[in-house]
Amino acid sequence: MPKTNKTKTKYAAKRTVAQVLKNKITEEKVKQNLREIITYIGENPSREGLIETPKRIVKSWDTLFSGYKKDPAALLKTFTEGSCEEMVILKDIEFYSTCEHHFAPFFGTISIGYLPNKKVIGISKLARLVEVYARRLQIQERLVAQIADCLMKHLQPLGVMVVCKARHMCICSRGVQKHNAEMVTSALRGVFNKHEVRQEFLQFIQKV
Ligand SMILES: [Zn+2]
């Protein structure tokens with residue numbers, strides 16, 4: 001996240017360039033590129049089963065990359081009423097994301113816990129927040145960090161912890177080809193740096 005005004009301006013300029021470039025790339029051009037990819041791998045893009053494939057791929061991106069169009073700040077309406085002093089946890093939120101190194105799917109579950117500081121949010125908002133960041137090109141390490149940082153910024157709790165367990169198709173289907181390897185990443189902020197707080201959260205999210 002940009003911190004200074006200077007980096008903010010730089011970031012905004014970059015986004016504008018990306019926007020301009022995007023406007024020049026038409027859907028037809030993208031589909032043509034996909035037809036070339038199909039040819040490159042040794043297939044015939046004109047055969048019956050493949051003729052509509054570029055169109056279907058582009059359509060699937062409406063869901064897979066929908067996170068770019070969503071503003072996480074707009075989601076996080078906070079409430080002071082009903083706030084508590086105990087840990088709030090939503091565990092095993094399913095997610096589906098795309099590895100930015102290989103453009104391959106990775107998916108699994110994310111568990112989020114926070115210790116409120118006079119403010120809470122609707123619990124479904126945590127699941128929606130996962131969608132905002134998962135539906136982008138991602139790496140699992142950044143995914144948990146972005147969720148944790150966003151909650152720290154907008155909800156201002158005493159602390160946040162996010163744990164993600166996922167299987168990566170880029171590992172299962174190519175490279176080392178390990179089908180059952182599960183990657184675990186976590187991000188902890190604030191009071192979750194304390195051993196006992198972290199332990200309480202980990203105990204809650206453990207499978208019985
Ligand atoms: Zn990968």
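# Briefing: a mixed sheet and its surroundings

Lysine 165 touches Gly108, Thr109, Glu182 and Val184, leaving aside residues up to four places away in sequence. Lysine 165 belongs to strand 6. The model shown here is predicted. The chain holds 8 helices and 7 strands.

**The chain as a whole**

- The chain has 208 residues, and 21% of them count as buried.
- Take the contacts in the chain with a separation of 6 or more: 71% of them come from residues 24 or more positions apart.

**The sheet**

- Strands of a sheet pair through backbone hydrogen bonds, either parallel or antiparallel.
- Here 5 strands form an open sheet, in the order 5-2-3-6-7.
- The pairing in this sheet is mixed.
- Strand 5 (137-138) and strand 7 stand at the edges. Each has a single partner strand, so one side of each has no neighbour in the sheet.
- Strand 2 and strand 5 run parallel and are joined by 2 bridges.
- Threonine 98 has leucine 137, in strand 5, as its bridge partner.
- Helix 5 (residues 123-134) lies across strand 2, strand 3 and strand 5. Helix 5 runs at about 20° to strand 2.

**Strand 6 and its two neighbours**

- Strand 3 and strand 6 pair in the antiparallel sense, over 10 bridges.
- Isoleucine 112 stands opposite valine 162 of strand 6.
- Strand 7 (residues 183-190) is joined to strand 6 by 8 bridges, and the two run antiparallel.
- Alanine 166 stands opposite methionine 183 of strand 7.

**Lysine 165 in focus**

- Lysine 165 counts as partly exposed, because it has 16 C-beta neighbours inside 10 Å. A buried residue would need 20 or more, and an exposed one 12 or fewer.
- Lysine 165 and threonine 185 are 20 residues apart in sequence. In space they are 6.7 Å apart, C-alpha to C-alpha.

**Two loop residues with positive phi**

- Phenylalanine 103 is not a glycine, yet its phi is positive, at about 60°.
- Phenylalanine 103 sits in the loop between strand 2 (88-99) and strand 3 (104-115).
- Phenylalanine 103 has 11 C-beta neighbours inside 10 Å, so it counts as exposed.
- Glutamine 156 is not a glycine either, and its phi is positive, at about 45°.
- Glutamine 156 sits in the loop between helix 6 (140-154) and strand 6 (159-168).
- Glutamine 156 is partly exposed, because 14 other C-beta atoms lie within 10 Å.

**Helix 2 against helix 3**

- The axes of helix 2 (residues 27-40) and helix 3 (residues 53-64) come within 9 Å.
- These axes cross at roughly 120°. Helix 2 and helix 3 are therefore oblique to each other.
- The crossing of helix 2 and helix 3 is right-handed.
- Helix 2 contributes Glu27, Val30, Lys31, Leu34, Arg35 and Ile38 to the contact.
- Helix 3 contributes Thr53, Pro54, Lys55, Ile57 and Val58.
- The residues of this contact of helix 2 with helix 3 divide into 6 nonpolar, 1 polar and 4 charged.

Definitions and conventions: Residues are numbered from 1 along each chain as its sequence is written. This is a predicted model: local features need pLDDT of at least 70, side-chain atom pairs count only at pLDDT 80 or more; totals for chains, interfaces and linings use all residues. Helices (H or I, at least four residues) and strands (E, at least two) are DSSP runs, numbered from the N terminus. Two residues are in contact if their C-beta atoms, placed from the backbone, lie within 7 Å. Axes are lines fitted to C-alpha atoms, for helices over the stretch in contact, and angles run from 0 to 180 degrees between N-to-C directions. Angles under 35 degrees count as roughly parallel, over 145 as roughly antiparallel, 65 to 115 as roughly perpendicular and the rest as oblique. A crossing is left-handed if the near helix is turned anticlockwise from the far one by less than a right angle, and right-handed if clockwise. Ala, Val, Leu, Ile, Met, Phe, Trp, Tyr, Cys and Pro count as nonpolar, Asp, Glu, Lys and Arg as charged, and the others, Gly among them, as polar. Two strands pair if DSSP finds at least two bridges between them.
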